[in-house]
Amino acid sequence: MADTRRIPGGRRFGLILSAVPALWLLAFFVVPLGILVAWSFQPPGIVPGLRRVVTLESYRITLSAESYWRVLARTGVIALTVAVVAVALAYPIAYTLAFAARRRRNLVLTLALLPFLTSYLLRIYAWRLLLGTKGVFNEVLQAIGLTHEPLGFFLYSRTAVALVLIYVWVPWAALPIFLRLEQMDRSLVEAADDLGANPVRAFLRVTLPMSLPGIFAAFFFVMIPTLGDFATASAVGGASGQMLGNIIQQYLNSLSYPGGAVLSVLLLVTALIAMVIGAKLSGIRDVGDVRV
Amino acid sequence: MPRIVRLLAVLSVLALIGAACAGDEGDGGDGGGTVEFPSGPPAAEDAGPLRLLEWAGYEIPEFHGPFAEAYADVELEYQFADAGSSFYQKLATGGVEADLAHPCSNWVTTFRDADLIAPIDVSRLENWDLLDPNMRELGKIGDHYWFIPWDWGYESLVVNTDVVTDVPESWADLWDPQYEGMIAMEDFSEGAIAMTAWAFDLPYPDLSDEDLEFIKEKLIELKSNIKLFWAGSTDLVQAMVNGDVGIGYAWNDQYAKIVDGGVNAVYTEPSEGRGGWVCGFVITKDTPHYDLALEYIDSAISAEVGKNAIDLYFLGHSNTESAGLADPTTVDLLGLLDSDIQGRTNFALPLTQEQRDKFNQIWSEVLAA
């Protein structure tokens, strides 16, 4: 399989091409990650700069706090929920783009990406106007007589965090699925049709399995950044919707870098484990793998 | 899988290299030894510039009128910080070089222990005798004053009386189940821990580990009544005005804005006393402009500047004569002349680094719970 992908001179040219991004990543990703890990081995508390000490004390104190494991679990559940729902909502968009929109697909794609023209933070704050006690949702519910007093659980709750994150991620999640569907060999669906499969059966047996790699890509596209999110939770999460990212931010704000670094490492390891499990489940061993 | 192992191995190596390369700059001095006032050129012969680490918005001319008049040629160079911790970080890491900084009383001990600030020769401040005596003492460590109070305010409960019929009369009342999901608390470890200590009659800030464990449990218990933690001042004002919460842990200027937003609100006087914050000036240890810095402080603590702080920013001012010059409506709304309330207010005491570390750890666990 790999041989057919080789192109003459590709290896050397690839190396030259990747030199700059590789240096970039080294300077701004690998080295900072190393510094982060170094901080996690510092003694706990407020420290203005790295010291010549290596200790596991911060790990001991931080990882023995029961509430951190609870917030990690809560963060994991929110990330999982957001990823599943965002992908489920994104799939029809991707499907429409690939098969139904035809000449209007540019328009549909533009519409899907339109929200990105506004800053992410502004959009989170806009949700407060929708979800608040005197917000649009409550006003509408009361106007049509469904409720008689405002419902308090819309804003400052885990539901609010999940809702806003799903809203933010749906257009992103649609892209990898769309690309996958776009590349699909359409004659396979025609063959299914010729062999007597109805459209639903053809979709379930041919299109959906073919698009699985796109679905998994979209899922991790959403889940990994959500695991580390803190801006959404701090704007609409309230006391019950705090995520691990908020606790890390709390450590950093109070200059207690070692504890924050330990939790960041914990988050990193969690994301890595999630990816390994995901890759195993989906049978993806190589980014170019297509498993039907 | 091996790729992950390799990545982790590389990171561990980098971590060790990073730790090995780092200096010992984080070690603070013990603050012991002899203490002397720094010497420098007399203010009249010092051309400056005077470098200030300030809160954004505090660089306005109304806050340094007398100084600007007397030292018209001295340029004021401002840099800004947005939290007690960031004042500390900027000075401690050398990220900012300043002659004066404007942190709050609760950080003074940490600054002094880290050997960042110089003692202040208060005998050279003409307005010193006019300052509120209680606030003055917040800056005293050992035989010297290290911090001169400038602005202050209350921390208490603002209550929307349209929503909350049974207004809490004490900090301890907050634990009442009738307030479920109604409270907005500041995302601030010291405030939350102090409030809990007052409510349960514990000796803040000298809390034993058992006290702290008890406070942690109590705060986790309180979370069912807390709807949100506010970080920025306007977050609370918005949440109160929008009716998302009925009770807020608030500064008095936020109370003024909430009333301004049309809320029927009261600013309570809890039976254990209100909380209070006091911020002010410290002079950095290695300043070459010590005398000029003293002159600046003397100008800032004048009643003339104090009047502006009250009228323009709704702040309290440390000079006891300022409130008499300011707009009576503002003074009245903020209770700035109510010596009875002030006398029972628990102004934020300086914390040691060890206390602050423990408080931060507890607060993070409360947030996560």
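This is a predicted model: local features need pLDDT of at least 70, side-chain atom pairs count only at pLDDT 80 or more; totals for chains, interfaces and linings use all residues.
Residues are numbered from 1 along each chain as its sequence is written, and chains are lettered from A and ligands numbered from 1 in the order in which they are written.

Chain A contains 13 helices and zero strands; here helices (H or I, at least four residues) and strands (E, at least two) are DSSP runs, numbered from the N terminus. Its C-alpha atoms fill a box of roughly 70 × 70 × 35 Å along the principal axes. Chain A has 292 residues, of which 38% count as buried. A residue is termed buried if 20 or more other C-beta atoms lie within 10 Å of its own, exposed if 12 or fewer, and partly exposed in between, with C-beta atoms placed from the backbone. Two residues are in contact if their C-beta atoms, likewise placed from the backbone, lie within 7 Å. Among contacts in chain A between residues at least 6 apart in sequence, 68% join residues at least 24 apart.

A:Leu255, in the loop between H12 and H13 of chain A, has phi near 65 degrees, a positive value in a residue other than glycine. A:Leu255 counts as buried because it has 22 C-beta neighbours inside 10 Å.

Chain B is divided into domain 1 (48-54 + 61-152 + 277-350) and domain 2 (155-275 + 354-368), with bounds that come from an automatic or database domain assignment. The centres of domain 1 and domain 2 of chain B, taken over C-alpha atoms, are 26 Å apart. Between them, 12 residues of domain 1 of chain B are in contact with 13 residues of domain 2 of chain B. The side of domain 1 of chain B that touches domain 2 of chain B has seven nonpolar, four polar and one charged residues. In this classification, Ala, Val, Leu, Ile, Met, Phe, Trp, Tyr, Cys and Pro are nonpolar, Asp, Glu, Lys and Arg are charged, and the others, Gly among them, are polar.

Within chain B, strand S1 (residues 50-55) and strand S2 (residues 76-81) pair in the parallel sense over six bridges; strands pair if DSSP finds at least two bridges between them. The chain passes from S1(B) through helix H2 (residues 65-70) of chain B to S2(B) in a right-handed β-α-β crossover, a term for a path from the first strand over the helix to the second that runs clockwise with the strands pointing away from the viewer. In this pairing, B:Trp55 stands opposite B:Ala81 in S2(B). Helix H10 (residues 290-300) of chain B is mostly covered, with 11 of its 11 residues buried; among them are B:Asp291, B:Glu295 and B:Asp298.

The peptide bond from B:Gly48 to B:Pro49 is cis, with omega near 0 degrees, and B:Pro49 lies in the loop between helix H1 (2-21) and S1 of chain B. The bond from B:Tyr204 to B:Pro205 is also cis, with omega near -5 degrees; B:Pro205 is found in the loop between helix H6 (189-199) and helix H7 (209-222) of chain B. B:Asp115 has a positive phi of about 60 degrees although it is not a glycine. With 16 C-beta neighbours inside 10 Å, B:Asp115 counts as partly exposed.

The two chains meet where 44 residues of chain A are in contact with 40 residues of chain B. On the chain A side, two or more residues come from each of helix H1 (10-40), helix H3 (66-100), helix H12 (244-253) and helix H13 (257-282). H1(A) gives the largest share, six residues. By class, this side has 24 nonpolar, 16 polar and four charged residues.

The largest nonpolar core has 180 residues, and those with the most contacts inside it are A:Ala90, A:Ala173 and A:Val222. Such a core is a set of buried Ala, Val, Leu, Ile, Met, Phe, Trp, Tyr and Cys residues joined through C-beta atoms within 7 Å. Its largest share, 16 residues, comes from helix H7 (residues 158-183) of chain A, and the core draws at least three residues from each of domain 1 and domain 2 of chain B. Neighbours within four places in sequence aside, A:Ala173 is in contact with A:Ala86, A:Val87, A:Ala90, A:Ala218, A:Phe221 and A:Val222.
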